[in-house]
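Q: I would like to learn how to read the features of a protein model. Please take them one at a time.

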Amino acid sequence: MLHGDQHWLLVFMAMAIAVLASFAALAVVERLHVSERERTRHWWLAVGALAMGIGIWAMHFVGMLSWHLPLPIAFDTATTLVSVLPAICASAIALHILSSPRRTPAAVLLGGLAMAAGIGTMHYTGMEALRMSARLYYRPGEFALSLVIAFVLSTLSLSLRPTEQHDRLSVAAVRWVRATILGGAVTAMHFTAMHSAQVFADASIPLPEGVIPDATLVILITSAVALLVGLTLVATRADRRLSDLSYQLVDGHARLRAVLNSMTDGVVTFDANGTIEAVNPAAERMFGVGANGLSGKCITSFFPSLEHRELMPPPTDAGSGSRASVQLETTAERASGERLVVEVVVTDIGVNDRTLFSCVVH
C-alpha cells in the first residue's frame, strides 16, 4: 500500500477556486432574480452552471495535483474532460433552486441531493481518470461520509437566503458566506474522498498512451477558471449596469408621460407631413375625440383657417443650439363642428435627423 502526501499550498488554492466559482455563480443568481424574459434567464442559468461546474472540476484536479504518490501518475484525456459534465448539470439544478422566489424545504433538500450527487459523480469519475502502475480502492465508511458532507453543506448553502438589506457591504458579506459554504462543500467532499482512497502498487499495470501531462493540466485548469469566472463577473457587472440604465430610461419616460397627462393644455406631436404621432389627454378633450382619435390624422384638419406651411417653424442654424418655434392665434374646430379660439406654439423637436414638431394648444 502506498501513502500519498498533500501539498498544502495547492490544497488552499483548490478551495479558493471552489469559493471563487461559487461566488461567481451566486452573482449570476442575482441576474436570474431580476431577469424578466425567460430566454435571458436561461442564458444566465447556463453561464452560472458553466462557471460553477468548471470551478468544481478545476478544484478537483488542482486537489489531485496536490496529492503526491511515490510513483508517476497521469490523467486519461477523455475521462478528465467528460468528468466536468456532472458538475455542470448539478450546478444548473442548484442555481435554478437558488433563483426561485419560493423555495420549499423539499426543493432545497432535492437541490442539495442533486448537488452532492453531481459533485460526487464528478469526483469519482475524475479519480477514474488516474493512470498509474497501481490499483485504487476506497474505504466504504469514508466513501459514504464524503457524500454526506457534500449533501449537508450543499443543502445548508441552498437554504441560506440573500439579505434584504440595501447595504452593499452586508449583501457582499452574505454572498461570500454562502460562497464559502458551497465551496467548502466541494473541498471537504474532495479531501474526505481522497482520505478514503487506498493505493496498492502493481508493476504489471503499464502507464498508457493518451494522457495529459501535469503541466498541460495546470495550464488548462488555470486558463478555464480565469477566463470563465472572469467573464462571469464582468458579464454580471455589465448586465447590472444595463439594467440600471434601462430602469432610468423607463422611469424618465414614465415621469414625462405623467407631466404630459397632467397638463391642461393640449400637446400634439406631428411629423414634417403634418401627420399626428402622439397626443396627450388634454388635446383629446379639447378636440372632442376619444383615446387615440387624433393619431394618424393631419394636424391642419383641426385648424381649418391655417395651411400646413403656416405651422412649420422657420429653419434654424444647426450649430446655434436653439429650437425654432412659431406662435400664433387661430381658430380650432372640434370633432362636433364647434369652433374655439386657441393660441398655438409649435416647436421643432427633431431627434436623430427626424423632423418632428411639438404643438402646444391653449
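A: Start with a polar contact, meaning a pair of N or O atoms within 3.5 Å; within protein, one must be able to donate a hydrogen and the other to accept it, and residues adjacent in sequence count only if both atoms are side-chain atoms. Here the side chains of Asp202 and Ser204 make a polar contact at 2.4 Å. This is a predicted model, in which local features need pLDDT of at least 70 and side-chain atom pairs count only at pLDDT 80 or more, while totals for chains, interfaces and linings use all residues. Residues are numbered from 1 along each chain as its sequence is written, and side-chain values use heavy atoms, with hydrogens and water left out.

Q: Where does Asp202 lie, and is Asp202 buried or exposed?
A: Helices (H or I, at least four residues) and strands (E, at least two) are DSSP runs, numbered from the N terminus. Asp202 lies in the loop between β6 (197-201) and β7 (211-212). Buried means under 20% relative accessible area, exposed over 50%, and partly exposed in between (1.4 Å probe, protein chains only). Asp202 counts as buried because its relative accessible area is 17%. Leaving aside neighbours within four places in sequence, Asp202 is in contact (heavy atoms within 4.5 Å) with Ser133, Ala134 and Arg135.

Q: How many helices and strands does the protein have, and what share of its residues is buried?
A: The secondary structure comes to nine helices and 12 strands. Of the 362 residues, 42% are buried. Among contacts between residues at least 6 apart in sequence, 71% join residues at least 24 apart.

Q: What is a nonpolar core, and which residues have the most contacts inside the largest one?
A: In soluble globular proteins, nonpolar side chains tend to be buried together. A nonpolar core is a set of buried Ala, Val, Leu, Ile, Met, Phe, Trp, Tyr and Cys residues joined through side-chain atoms within 4.5 Å. The largest one here has 59 residues, and those with the most contacts inside it are Ile56, Met64, Leu69, Met115, Leu130, Met132 and Ile221. Helix α2 (residues 38-65) supplies the largest share of this core, 12 residues. A second, separate core of 23 residues includes Phe287, Val342, Val344 and Phe357.

Q: What does Leu130 touch?
A: Not counting residues up to four places away in sequence, Leu130 touches Met64, Trp67, Ile73, Ala74, Phe75 and Leu136.

Q: Which residues does Ile17 touch?
A: Ile17 lies in helix α1 (residues 8-34) and is buried, at 13% relative accessibility. With residues up to four places away in sequence not counted, Ile17 touches Gly55, Ala58, Met59, Val62 and Val225. Its C-alpha atom is 9.6 Å from that of Thr222, 205 residues apart along the chain. Leu9 also lies in helix α1, but Leu9 is exposed, with a relative accessible area of 57%.

Q: How many salt bridges does a search of the whole structure find?
A: Side chains of opposite charge can pair when their charged atoms come close. A salt bridge is a side-chain nitrogen of Lys or Arg within 4 Å of a carboxyl oxygen of Asp or Glu. The search finds four. One of them joins Glu142 and Arg139, with the closest N and O atoms 3.7 Å apart. Another joins Glu333 and Arg339 at 3.3 Å, N to O. Glu333 is partly exposed at 25%, whereas Arg339 counts as exposed at 53%.
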